[in-house]
Amino acid sequence: MKPLSWSWGLILLLALPAWANNMVLKARQTVDIYGSSALEPSLADVDYRLSWQLSGQHTEKGCLPSQVLVSLTATVTEPLEWPQTPAWQNYRLALTSYERLVRERALLSAEWLEHSLFQIAPQVNCEQLHEVADRVGYHQLDIAQTLLRDFQQQNDYGRQLGLIKPE
């Protein structure tokens, strides 16, 4: 039985084969944080990238997911220096707290994606398994984007949670 690998693009989640009764899940969160002196203190941005890889293995039932790798990378961009006033320090703390709440939702989406990929039924061949995995992955990506957008809108992009930019 020769495993086939396939990768597509966006915590690092590793798991053993889906057919293993004692699936082991390991998670590592990776956050790249950097600042740019060209940014104004009022500007900050977070970019989330979710990607996945799936390996299939031929069995008597067909081609099954044998290994799934889901990666969520958050790149946080913020100013190198913030004004040293209590109002700006509170703003920065609120911004960090809000980003953490958004990140928790992104992490849940990565876990759902990993679970969904392992739940794919046996396929006739591994090429078809990869096609199904892509459809599942992009569907989960759409769900994740919708959930994050809804959370941000419901909280008025942090304002309902105290994220108010100082004057």
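Predicted model: local features only at pLDDT ≥ 70, side-chain atom pairs only at ≥ 80, totals over all residues.
Residues are numbered from 1 along each chain as its sequence is written, and side-chain values use heavy atoms, with hydrogens and water left out.

Select Leu108, Trp112 and Leu147. Together these residues form a nonpolar surface patch with about 270 Å² of accessible area (Shrake-Rupley method, 1.4 Å probe, only the protein chains shown counting as cover). Leu108 lies in helix H1 (helices are DSSP runs of H or I, at least four residues; strands are runs of E, at least two; both are numbered from the N terminus). Leu108 is partly exposed, at 39% relative accessibility (buried is under 20%, exposed over 50%, partly exposed in between).

Next, select Leu50, Val70, Leu72 and Leu117. Within the largest nonpolar core, which has 31 residues, these four touch the most other members (a core is a set of buried Ala, Val, Leu, Ile, Met, Phe, Trp, Tyr and Cys residues joined through side-chain atoms within 4.5 Å). Two or more core residues come from each of strand E5 (45–59), strand E6 (62–78), helix H1 (86–118) and helix H2 (126–154). H1 gives the largest share, 12 residues.

Finally, select Cys63 and Cys126. A disulfide (cysteine sulfur atoms within 2.5 Å) joins them, S to S 1.9 Å. Cys63 in strand E6 and Cys126 in helix H2 are 63 residues apart. The S-S torsion of Cys63 and Cys126 is about 90 degrees, so the disulfide is right-handed. Cys63 is buried at 0% relative accessible area, and Cys126 is buried at 2%.

Note on methods
Buried < 20%, exposed > 50% of the residue type's maximum accessible area, 1.4 Å probe, protein only. Patch = residues over 30% accessible without salt bridge, like charges linked within 9 Å, V, L, I, M, F, W, Y side chains within 5 Å. Salt bridge = Lys/Arg side-chain N within 4 Å of Asp/Glu carboxyl O.
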